[in-house]
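Hi everyone, thanks for coming along. Have a look at the model on the screen, and I'll talk you through a few of its parts.

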Amino acid sequence: MREQSELVEWLSKGFEKIGAWSYDHRLFVFTLCVALLAACGWFAMGTRFDNSFEAYFDNDDPAYQAFLQFREDFGSDESAYILYEAPDYPYGPFNLEVMGKIRRLTEALAEEVPFVDEVTSLANAEFIEGVDDELLIHEVLEEFPDSQEKLLEIRDKVLEKEIYRGGLVSADGKYAALVVDMARASVDPLEKIQLDPDGGTGLSNLYPQVTFHAIEKILARPEYKGIRFYHTGDVALNSNYNMTAQGESLRLGIVAAVIIALLLLYFFKSAMGVGGPMVVVVMSVLVSLGFVGLMGWNLDLMVIMMPTVLIAVGVADAVHILSEFRVLHAAHSDRRKALKDSMYLVGVPCLFTSVTTIAGFSSMSVSPIKAIRHFAIYSSVGVAAAFLLTVTLLIVLLSFGRRYSEAKGDEDLLHARGGAHMQAGLKWVARFVTRRPKSIIAVSLALFAAVGAGMVRLEVDTNFLNEFSPRTKIRRVTEKVDTVMGGAGSFSYIFDSGEPEGMYDPEALAVIEAAQKKADEQDYLVMKTYSIVDLLKDLNRAMHNGDQEYYRLPESRQLVAQYLLLYEMSGGEELSEYLSTDYARANLEIRCRMSRTSKYEEAADTLNQHLAEADTKGLNWALTGMGALWIELIDYIMQSQIRGFLLAFAVIAVMMCLVFNSIRVGLVSMIPNLAPIIITLGTMGWMAIPLDYVKLLIACVAIGIAVDDTVHLVSRFRHEFYRTGNYAQAMNLTMAEVGRALFITTVVLVTGFSILVISIMGTLQSFGMLVAATILVALLADFFLLPAVFLLLKPFGPEGRPEPAEAEAEAAAFN
């Protein structure tokens with residue numbers, strides 16, 4: 001005897017009661033939802049955007065701990081880098097008038113910009129020279145020249161200094177730069193990065209936004225007209241990211257809501273068909289944001305996707321309830337009974353689809369990347385909220401409306417099922433699958449093999465600059481700077497002697513010098529390097545009257561100690577950038593182009609191998625800095641992708657087996673849900689689209705969403721098979737009853753994720769496009785592959801006449 005799972009039947013009757021209870025207690029449900037809305041709004045107000053590495057790494061992460069130790073020794077490594085040129089002036093940056101403007105600009109930046117440690121430019125850069133065996137350390141323009149000729153003499157001296165070329169001035173002298181070093185970093189506590197302690201936690205009152213805007217405001221002053229500025233660096237990039245993320249979250253959410261509302265209006269042609277689902281999803285977004293605030297978390301890149309994702313996903317359950325309700329309301333004319341019966345039929349599938357979606361999102365909670373882990377949790381909370389609101393608040397909203405005096409006719413029932421064109425299309429799908437199940441399976445397998453082979457070519461990589469669309473100013477400016485000099489990216493090596501004053505040892509310094517030379521050879525990425533070696537060479541040359549032959553390291557420990565002491569006594573102020581206060585540790589800073597993290601990893605591997613093979617004279621060394629954290633992120637991405645997908649697939653497969661009370665049915669039902677993942681990841685491999693920390697969500701999110709349609713389809717397929725005893729007939733009835741809802745939810749989901757394509761953040765554009773394509777493939781697999789597999793494997797048992805008692809019980813659900 002064919003019997004449905006007792007658990008499923010118990011749950012179905014439970015949802016039927018929930019529908020009736022919500023209908024009968026509308027005021028209570030509505031009041032409870034308003035209270036929830038107010039509470040979540042309160043907690044959401046306490047959140048802020050944070051793009052620091054603290055958003056990605058746990059405080060006890062070894063790589064992050066090394067980064068914090070680096071900052072403790074050498075201060076904040078964040079800076080603003082302002083490249084400039086003066087093409088309309090003779091001699092460009094070394095024009096007398098231009099240099100006067102730069103001197104005033106340097107002073108203005110130092111005095112007026114908040115959170116600044118120091119500003120360095122050609123006007124005030126530290127200049128070392130020896131005169132008559134005396135060491136002189138002074139600003140380049142300590143005495144401003146009174147003629148163009150004198151300034152050009154200074155230019156020649158500056159261009160001879162290796163430490164300035166490629167950092168403060170280009171080798172040809174056409175470009176120069178101001179470097180604004182920060183006293184703060186994005187990872188600092190909130191109270192330390194607030195401009196006004198009483199001004200709140202909005203971006204406009206926090207570092208780096210206040211710093212970026214202050215710099216931009218100064219650069220825009222009329223007095224600097226004629227100088228073309230290119231403002232980039234950590235401050236500009238992080239500030240633009242934070243502001244863009246906040247703006248995009250709201251903008252994309254609004255666009256998604258409007259477009260999806262228009263789609264619902266087209267499909268359901270009623271105000272409640274639009275208003276009901278939109279109220280549910282907007283509240284679920286607010287619940288997620290409130291949860292973030294309640295947990296004391298910050299907002300990051302992943303939050304930008306959350307409103308669009310929840311609007312798209314949250315509408316799905318509402319669409320299924322609305323679709324059933326329209327048909328049953330037209331058939332019964334009794335609104336309360338229609339809602340009860342709708343909940344009986346689709347309540348359990350909606351529950352299971354929500355649970356599987358939560359499983360897909362939650363699988364990423366094992367990720368070592370904190371932002372991904374948080375996204376997994378608060379998105380799951382949002383999906384759960386959307387389900388609970390759908391089976392309560394939506395029922396309350398649908399309870400209002402006109403009451404029909406009698407049941408509708410066949411024409412109205414056809415309209416409730418989507419109209420003649422929709423039903424004709426669904427019937428064609430059913431006929432096509434019935435006639436060609438083997439051909440469908442054969443073509444599908446061939447397609448999976450061909451496209452899926454691209455998965456072996458899939459690369460894990462990321463580039464922070466790709467967070468911004470090519471049409472954004474910050475990306476264009478950064479790319480311009482990277483073609484000239486400076487380098488907006490960086491990583492560092494810390495060399496530790498293990499004892500105070502250990503860096504006086506010439507052999508230890510020679511190790512750093514060799515590593516620095518090796519780094520300079522990686523010119524596909526590295527633009528400029530800095531270390532204590534540069535300073536000591538310059539000091540040695542200066543103490544020998546500028547003789548270039550002495551541009552080398554001092555030969556003895558005593559001489560190194562004397563030079564450093566003399567440097568500080570003569571007014572030198574840059575030592576803290578190169579050495580720790582006890583002279584035990586030294587920093588090799590490597591400035592790089594903003595490039596793919598794999599390039600950073602390649603350069604770091606080369607240097608690591610060099611250091612591993614070299615005699616480091618007892619020095620311990622470690623890779624650190626922001627570039628090192630990005631390299632670490634690559635390993636985390638790979639771990640997250642493998643763990644997350646395997647966990648999501650295993651959990652969802654087990655759930656499918658439990659839902660359908662059959663291991664065979666559950667596993668067969670997972671076949672079409674592998675298809676979209678294989679197709680998408682394979683296509684990414686063939687098209688050389690790298691897997692980054694955003695795209696790693698595709699497999700887990702897609703399988704969690706794609707399985708939703710499968711649950712509804714298989715649930716109704718089994719329901720109809722138990723009524724009819726015939727697979728082909730059951731498939732025809734299934735397509736007629738739930739095919740429209742599946743089509744609508746897919747259109748909504750594809751549209752919702754496609755909206756991300758209009759984002760000015762490049763990562764979101766590709767993510768939206770890929771997920772939309774994945775969901776579309778999932779619908780095709782559910783419409784064609786899954787029924788074909790069912791027709792051949794017959795997972796519900798052999799065909800035959802349905803049991804009379806069971807047929808009567810099943811039919812009662814529709815009456």
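This is a predicted model: local features need pLDDT of at least 70, side-chain atom pairs count only at pLDDT 80 or more; totals for chains, interfaces and linings use all residues.

Helix α23 passes helix α24 in a right-handed crossing, meaning that the near helix is turned clockwise from the far one by less than a right angle. Residues are numbered from 1 along each chain as its sequence is written, and side-chain values use heavy atoms, leaving out hydrogens and water.

Back to our pair. The axes of α23 (697-724) and α24 (727-754) come within 8 Å and cross at roughly 165°; axes are lines fitted to C-alpha atoms, for helices over the stretch in contact, with angles from 0 to 180 degrees between N-to-C directions. The two helices are therefore roughly antiparallel, a label for angles over 145 degrees. Their contact has 12 nonpolar, six polar and five charged residues. Here Ala, Val, Leu, Ile, Met, Phe, Trp, Tyr, Cys and Pro are nonpolar, Asp, Glu, Lys and Arg are charged, and the others, Gly among them, are polar.

Now the sheets. β1 and β6 share six bridges, and Leu83 has Tyr230 in β6 as its bridge partner.

Another open sheet of four strands has the order β8-β9-β7-β10, again with antiparallel pairing. Its twist averages 20° from one strand to the next. β8 and β9 pair over four bridges, and the partner of Thr529 is Ile590 in β9.

Last, which residues lie nearest the centre of the largest pocket? They are Val179, Asp181, Glu574, Glu577 and Glu589, out of 39 lining residues. The lining counts 14 nonpolar, 12 polar and 13 charged residues. Among the elements that each supply at least two lining residues are β5 (176-182) and β9 (585-592). A pocket is an open set of points on a 1 Å grid over the protein atoms alone, where a 1.4 Å probe fits, with protein on both sides within 12 Å along at least five of seven lines; lining residues have an atom within 4 Å of a point.

Methods
Angles under 35 degrees count as roughly parallel, over 145 as roughly antiparallel, 65 to 115 as roughly perpendicular and the rest as oblique. Two strands pair if DSSP finds at least two bridges between them.
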